[in-house]
There are 2 protein chains.
Amino acid sequence: MTTSAPRVNVQLVADALLGKWKAERLESRALASDERFHTIHGQPMDEHRIRALSQLQQLADAGAVQRAFPSSLGGNDNHGGNVAAFEELVLADPSMQIKAGVQWGLFGSAILHLGTEEHHKKWLPAVMDLSLPGAFAMTEIGHGSDVASVGTTATYDPEAEEFEIHTPFKGAWKEFLGNAALHGQAAVVFAQLITKGVNHGVHAFFVPIRTPGGEMMPGIGSEDDGVKGGLNGIDNGRLHFTHVRIPRENLLNRYGNVEADGTYSSPIESPGRRFFTMIGTLVQGRVSLDGSAVRAMQAALTIAIRYGNERRQFPGASGREIVLLDYGQHQRRLMPRLAQAYAMAFASERLLTVFDEVFSGAKDTDENREDLETLAAGLKPLSTWAALDTLQEAREACGGAGFMAKNRLTGLRADLDIYVTFEGDNNVLLQLVGKRLLTDYADQFKDGDKAAYARAAASQLGDRVSRFGLRQLGQSIADLGQMARSIESLRTSEAQRELLTDRVETMIAEIASALRDATKDVPKAERAQRGEDAFNAQQHKLIQAATAHVELLQWEALTEEVEKLTDAGTKQVMTWVRDLFGLGLLERNMTWFLVHGRISGQRAEALTAYVDRLISRVRDHAVDLVDAFGIPAELLRAEIATGIEAERQAEAHAYVEAQRAAGTWPIHEKELRAQAKAEAKAETKDAARR
Amino acid sequence: MTTSAPRVNVQLVADALLGKWKAERLESRALASDERFHTIHGQPMDEHRIRALSQLQQLADAGAVQRAFPSSLGGNDNHGGNVAAFEELVLADPSMQIKAGVQWGLFGSAILHLGTEEHHKKWLPAVMDLSLPGAFAMTEIGHGSDVASVGTTATYDPEAEEFEIHTPFKGAWKEFLGNAALHGQAAVVFAQLITKGVNHGVHAFFVPIRTPGGEMMPGIGSEDDGVKGGLNGIDNGRLHFTHVRIPRENLLNRYGNVEADGTYSSPIESPGRRFFTMIGTLVQGRVSLDGSAVRAMQAALTIAIRYGNERRQFPGASGREIVLLDYGQHQRRLMPRLAQAYAMAFASERLLTVFDEVFSGAKDTDENREDLETLAAGLKPLSTWAALDTLQEAREACGGAGFMAKNRLTGLRADLDIYVTFEGDNNVLLQLVGKRLLTDYADQFKDGDKAAYARAAASQLGDRVSRFGLRQLGQSIADLGQMARSIESLRTSEAQRELLTDRVETMIAEIASALRDATKDVPKAERAQRGEDAFNAQQHKLIQAATAHVELLQWEALTEEVEKLTDAGTKQVMTWVRDLFGLGLLERNMTWFLVHGRISGQRAEALTAYVDRLISRVRDHAVDLVDAFGIPAELLRAEIATGIEAERQAEAHAYVEAQRAAGTWPIHEKELRAQAKAEAKAETKDAARR
């Protein structure tokens, strides 16, 4: 770097990352920095479970987990700040974090959002102070992603004014529930509400399951899930119910009520919309997993980049061994992931903002709710996968040291593994996003006049259907092809935006057309099956399109933040980071751009060369860029990220230099042979001259 | 499937997979099926370490681990069979397997291959019966992949006729060594051999480190690595040496000897070649990790495919819920990995064959040794990465059930994680393969006459430099472009072979040219640095080229096996598997083929459509294809692979059917509303008619 090279103002970037809930984040980090909240590597499962429960009690006692609950009950009605603070707990111990998530984010939230005031008053105080630990009994072994089809029934008995909760077969056992094996005294149970012979769909019920002394309630069975791939501080287990009676009032009845005589009523007429509204109130889990995944990937990059910047391996032409991070391949492994972590962090902050707008009531519109669901369903899959991928690449980049528990990478990866399938399986969530995009696309043609739409679109270049729905380009592809002729033009935000937007739009249009064609002129009786088959044939592509859409949203979030920066050096470096992310997306999906004639083969090669240049530029600022993640040493807790390798390198270097200076450094046989060869050559020359 | 559809003969395929060392494999599987060798999920580290040591004793007592040692000492001189049997242990408990690998594959092998007869007689019997547990002290915290630069010294003292083993600084501590923390009583220590003021490079020394009672020898320090990301049954640790004296005879002197007076001699003159020859004798580790990785991915696929073939989620048009493996995305996730597992299994068998040829002495030629090293350095990275990737995809495809320890996927993944960086970091190994390809490429031009070479090449279509070196095409690219005009033509082995071969050859030619250009007309003083920079700039591409080469070798292995099959149905299905693997490689690397004008955009799209068709064809045989892996239930030990989900599904289905038949199945509000709507419509019609 020359002296005129741009410098990152670490504090500016750190503040941008801390975002709107900076105070809550810093407060939570400070609390989580205390040793009593930290993972003990290798702690046996039973002890870890006891510790996690006691950690939860300490969190509750510290008032660290009540922010989202009503002020009237001792909370703060602060939904965004609550999730922000929660996300920071992941680096203390993910078991503690997720057990807290079960207690307050799922069990407590379900009572809050699906229950009514009586329920709040009756149960929330005990939920908040942990005197009532609970489970969230939604998933069944036979029904994971498809919650609407759960087998558990809640049949109303007007004589007794009770519901009977029942598990009719083994596939309907509630499964994988935190707090179910040991600590839960109640559960919010999702079951088919049946009254007067009619099934009104899945509703939530408050069911006491265990005495404070640990005895199961009559008719309720529990089994322990035992050891898992991670999160072993949580007592996951199964629950089943044999004709268990609960009072009518235990139905969490915000979205559906049963009168004493068994009459059902709901403020939402359509059973489908009612179900999705209920499920939608639980979006908080996805939002907080997204932010937690970002924090974990930031930790992974901090560890691998600091270590890679100190560790040396193989002697170079300069005589000294080369720093790992100066190797082209090492840079290729870490720099694009660093850029990605930035994009995901800013996208996550946007998601949290929409979440807060909806749940605080500040902007609780249908459109905003839909946006929130789309964004959560889109970001959570990509960030949780990226966390696993980044933790793994970091672990490998640190070699054997990366495999040691004390360097954190393997433990975090094991614990976060389940993030990609819980709170919505990632593939199922992306399919949801894809379906939303198909709907947005179809909405354009509601009036049936394609040409009119095209004219309208052309006049609204860059306009969007909604904040996070399908984007549309008002420009013809030919124009785009013209524009992106040179590599320079690909560096502009406009070109990146348009290429990324165009890809999503075109993919969705192609899928829509394939689906339409499949059922065209098909007899009615066969239409459903044909439609299903056609959708199935397009499923992989739809998930790819959804992914592309989410990447565009991440790119937008990063671009927006970069544009806000005013410090020139910081802005320059962050623009390279943005370009690396954006062009990296183009590079990774180049086959599509080539096949669709959007980028020429020549430009594709130039793009890869330019990505290489961006990677080496970003490498020079990599340590600053991970410093800006601002992870306190107490939360990072990785020996190799403390400068220990630089110390060892300095000691070894000093030792060799001292030996050399003292003349006690043994000559290597190789040098000896080279000298002998040179001498022999000189002698031969000499002899020839004589 | 119609009745005329091809069927896989499972036994035929199973036999092809068992290969040459069928007897050893089956024997090892039978032994490993015993419960005493199986992982206990969640067992605390200390107990697991004790158990692993006792398992090793039982393996030794059963005569299960001595096959590679000399017949004269009670072994069988059976190198291939030894590795084959070893590979099968991975599904019992990877900790036990790798601890056995440390004892017999590294510690024992080093004495066998680097020592001479006196050493064998003196130490091997105790190594073989485990009365002498040992460590393999090669890696240092400061030098992992770069073994030639280790800091530990072995300085010869002619007065005492002893070597002094010394750790000069912290970076030279031996690190991550199995058996070092607790059980090792000796170690083979790799150190710079210094005699008469000259450093003759790294040699191996036998160093007692601990009494049988567990006390450290004077001058030797040990620290425990503690908890790791996996393999916690192994007592990994650090060792350091402070002026430790060992007799001159403890130098393992097959490739370098020191006389009593300090005179050094070696049968290999070049210090570089000597070093690589010594290291080369330890290739067994890579070979056996490759085969073990294949076994783990086969287990993962068996579990995920059996479960995916039973589990149902979301109702379909038929009325019943859809089997997961019938979803397009689920097939996309698992079928290409199934094809890959086949290719890797057959490639692994080829590697083992060459290994056996070299080590049995049956075909111990320089060329065969070089081939062995290339193949091991190439296959081990791809298979160990594929194992992690497949285990993870399988774990996700099984949802929450995949996260339960009892279903094996997370435990195997955690244990196998380190396979990708030990016994040679995967990226470093692929770079080795890449360098070999560059050398093969340069060898073509040794006579300086490119045109002559091109003519020669043209006359030997499909010829190879060596069995596993750079392949060459004797055909112009233009011809190739002609040939692969249609999707049909891409289905032939010839087209697949040529496209895959062409890619490697062209990439290597491009890299070679870039490297040549970088130092052309550069002053001598700058040449080394410029060369280093240029290589660094090409490093990523070189690793990609090496990967492409290894994939071609895998493809060749699979194709060869498919061609051997005589049963028509089996051959048909296995040809689809081969095509899926081959065309999958083309699809994954399509950008390259498009940019280089080898495949047109239109053909690329047709190819993806055809891959989709292959996937759905292979899906129909997926259960047979995993049955052919032949993993006994005792080794698989995954609850979800036992048919338990099919039982649950049957029970649930029967329950619903019985309720329906009895008329006690409650009608859903949705149906009720639909009925009401239909009735209202009919009434309106009726009213209008009246």
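Helices (H or I, at least four residues) and strands (E, at least two) are DSSP runs, numbered from the N terminus. The model is predicted: local features need pLDDT of at least 70, side-chain atom pairs count only at pLDDT 80 or more, and totals for chains, interfaces and linings use all residues. Residues are numbered from 1 along each chain as its sequence is written, and side-chain values use heavy atoms, with hydrogens and water left out.

Residues 53-128 of chain A are 68% helix and 0% strand, and the end C-alpha atoms of this stretch lie 14 Å apart. UniProt, in an unreviewed entry, lists these residues as "domain: Acyl-CoA dehydrogenase/oxidase N-terminal"; such annotations may be inferred rather than shown by experiment.

Helix H2 (residues 22-32) of chain A packs with helix H4 (residues 79-88) of chain A at an angle of about 35°, and the axes are 8 Å apart. Axes are lines fitted to C-alpha atoms over the stretch in contact, and angles run from 0 to 180 degrees between N-to-C directions. In this contact (heavy atoms within 4.5 Å), H2(A) contributes A:Glu24, A:Arg25, A:Ser28, A:Arg29 and A:Ala32, while H4(A) contributes A:Gly81, A:Ala84, A:Ala85, A:Glu87 and A:Glu88.

A:Ala64 is located in the loop between helix H3 (45-61) and H4 of chain A. A:Ala64 counts as buried because its relative accessibility is 18%, buried being under 20% relative accessible area with a 1.4 Å probe and protein chains only. Apart from neighbours within four places in sequence, A:Ala64 is in contact with A:Leu31 and A:Leu59. The C-alpha atoms of A:Ala64 and A:Ser28 are separated by 7.4 Å, although the two residues are 36 residues apart along the chain.

Methods:
Chains lettered and ligands numbered in written order. Buried < 20%, exposed > 50% of the residue type's maximum accessible area, 1.4 Å probe, protein only.
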